[in-house]
Amino acid sequence: MAIDYREWRDGDDLALLEIWGDPDTAQARQFRGALAVSSNGRDGSPWRRCIVAEDVIDGVGIPVAAGVVYEASLHPERLWTYIEVAKDHRRTGIGASLLTMLRREAEHAPSGVTRLRAKVEPGTAGAAFAEAFGLTPIQRSRLVVVEPGAMRLPVFPDKDYGGRPVNGENAGSDVVMDLATGSVELTDVVGRYYTSIHGWDSPGVLSAGQVQKLFLDELTGAHGAIVLRAQPESAFGAGVAPAKKGRIRAFAVSYAAPATPEAGQEPGPASAEAPTDVFVGHEPTLDADDAAEAVRDILALIAYQHPVMLELDDSMTALRAAVEPLLETGKARLAGAETLVVSD
């Protein structure tokens with residue numbers, strides 16, 4: 001077997017798809033799209049180096065593997081990398097050669113960043129390859145479906161900020177509120193929360209526009225948000241309306257895009273309700289107990305009648321405190337395999 005290496009060319013994607021077939025993992029499905037022609041990053045596109053391995057048979061090179069390394073504007077402290085080798089060419093040194101070449105290319109990244117990161121699924125060939133070459137886990141992520149009614153609804157005060165009785169229907173109306181996804185207040189807390197849970201891989205400084213584009217813009221599918229506020233208080237005593245609403249303690253943003261079928265499972269019957277994709281977080285300056293309580297309360301509200309699906313990273317300590325007991329009791333379930341972010 002003679003293997004040649006060259007830069008990616010237009011049309012390689014179609015040739016490799018014929019050899020590779022369907023992706024083995026969600027990570028392969030995601031990162032195959034990153035395989036593209038190399039770029040110096042001068043035209044506004046990210047710096048990228050992409051290399052193809054060809055099996056040369058009778059003088060004709062047939063693409064069998066590819067690898068890419070590239071810069072990212074979000075989480076700029078590491079370069080993303082991805083390598084895939086055809087199943088019948090694995091364990092032949094092709095993946096190792098590609099990784100060595102990509103590491104050399106990384107030394108010339110304009111940003112000066114050379115550390116690599118990748119996503120793998122535990123127990124797969126990709127995970128074993130990453131471990132063998134010194135890439136170790138820095139984060140674990142799970143998709144979790146919380147079943148309807150899995151949590152008790154929070155009990156809200158039966159009196160408003162002025163001490164007046166509030167009937168059951170309106171209880172909590174001054175702390176649980178709908179909020180437009182374009183809200184400056186929501187944008188601020190979402191951006192600061194995202195930054196706070198990514199200390200392990202900093203996203204850099206996020207502008208309001210970036211937060212909107214990533215999480216709250218119509219193109220993301222965001223179509224609604226509710227927030228849990230602190231109880232409003234008046235500086236002028238009981239019975240006097242407060243000057244402003246209580247600050248946001250927790251938020252939940254829902255997305256219109258339908259949830260995809262779980263890995264390895266056929267779609268359920270038409271009558272089965274697909275879970276709504278949500279992003280749940282909290283004001284990052286809350287102490288641990290207050291954050292856990294706020295997240296638990298808002299999750300109980302949004303999952304009271306309908307199933308919800310959320311991404312649960314190990315760094316999301318408040319959300320883990322709410323969700324992991326549900327996983328243990330069967331009131332929540334994993335939707336597909338875990339994802340590990342690994343780095344050198």
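In helix 5, Leu186, Thr187, Val190, Gly191 and Tyr194 meet Ala208, Val211, Gln212, Phe215 and Leu216 of helix 6, contact here being heavy atoms within 4.5 Å. This is a predicted model, where local features need pLDDT of at least 70 and side-chain atom pairs count only at pLDDT 80 or more, while totals for chains, interfaces and linings use all residues. Residues are numbered from 1 along each chain as its sequence is written, and side-chain values use heavy atoms, with hydrogens and water left out. Helices (H or I, at least four residues) and strands (E, at least two) are DSSP runs numbered from the N terminus.

**Helix 5 and helix 6**

- By class, the contact of helix 5 with helix 6 has 7 nonpolar, 3 polar and no charged residues (Ala, Val, Leu, Ile, Met, Phe, Trp, Tyr, Cys and Pro count as nonpolar, Asp, Glu, Lys and Arg as charged, and the others, Gly among them, as polar).
- The axes of helix 5 (residues 184–196) and helix 6 (residues 208–216) come within 9 Å and cross at roughly 85 degrees; axes are lines fitted to C-alpha atoms, for helices over the stretch in contact, and angles run from 0 to 180 degrees between N-to-C directions.
- Helix 5 and helix 6 are therefore roughly perpendicular to each other (angles under 35 degrees count as roughly parallel, over 145 as roughly antiparallel, 65 to 115 as roughly perpendicular and the rest as oblique).

**Helix 7 and helix 8**

- Helix 7 (residues 288–302) and helix 8 (residues 317–329) have axes that come within 8 Å and cross at roughly 55 degrees.
- That angle makes helix 7 oblique to helix 8.
- Ala291, Ala292, Val295, Arg296 and Leu299 of helix 7 meet Ala318, Leu319, Ala321, Ala322 and Val323 of helix 8.
- This contact of helix 7 with helix 8 has 9 nonpolar, no polar and 1 charged residues.

**Cavity**

- The whole structure holds 1 cavity of 30 Å³ or more (on a 1 Å grid over the protein atoms alone, a cavity is a set of points where a 1.4 Å probe fits but cannot get out, and a pocket is an open set with protein on both sides within 12 Å along at least five of seven lines; lining residues have an atom within 4 Å of a point).
- The largest cavity has a volume of about 40 Å³, volume being the space filled by probe spheres set on the points, which are joined across faces, edges and corners.
- Its lining divides into 4 nonpolar, no polar and 6 charged residues.

**Second largest pocket**

- About 810 Å³ of space lies in the second largest pocket.
- Of its 32 lining residues, the closest to the centre are Ile83, Arg90, Ala125, Gly126 and Phe129.
- Helix 4 gives the largest share of this lining, 6 residues.
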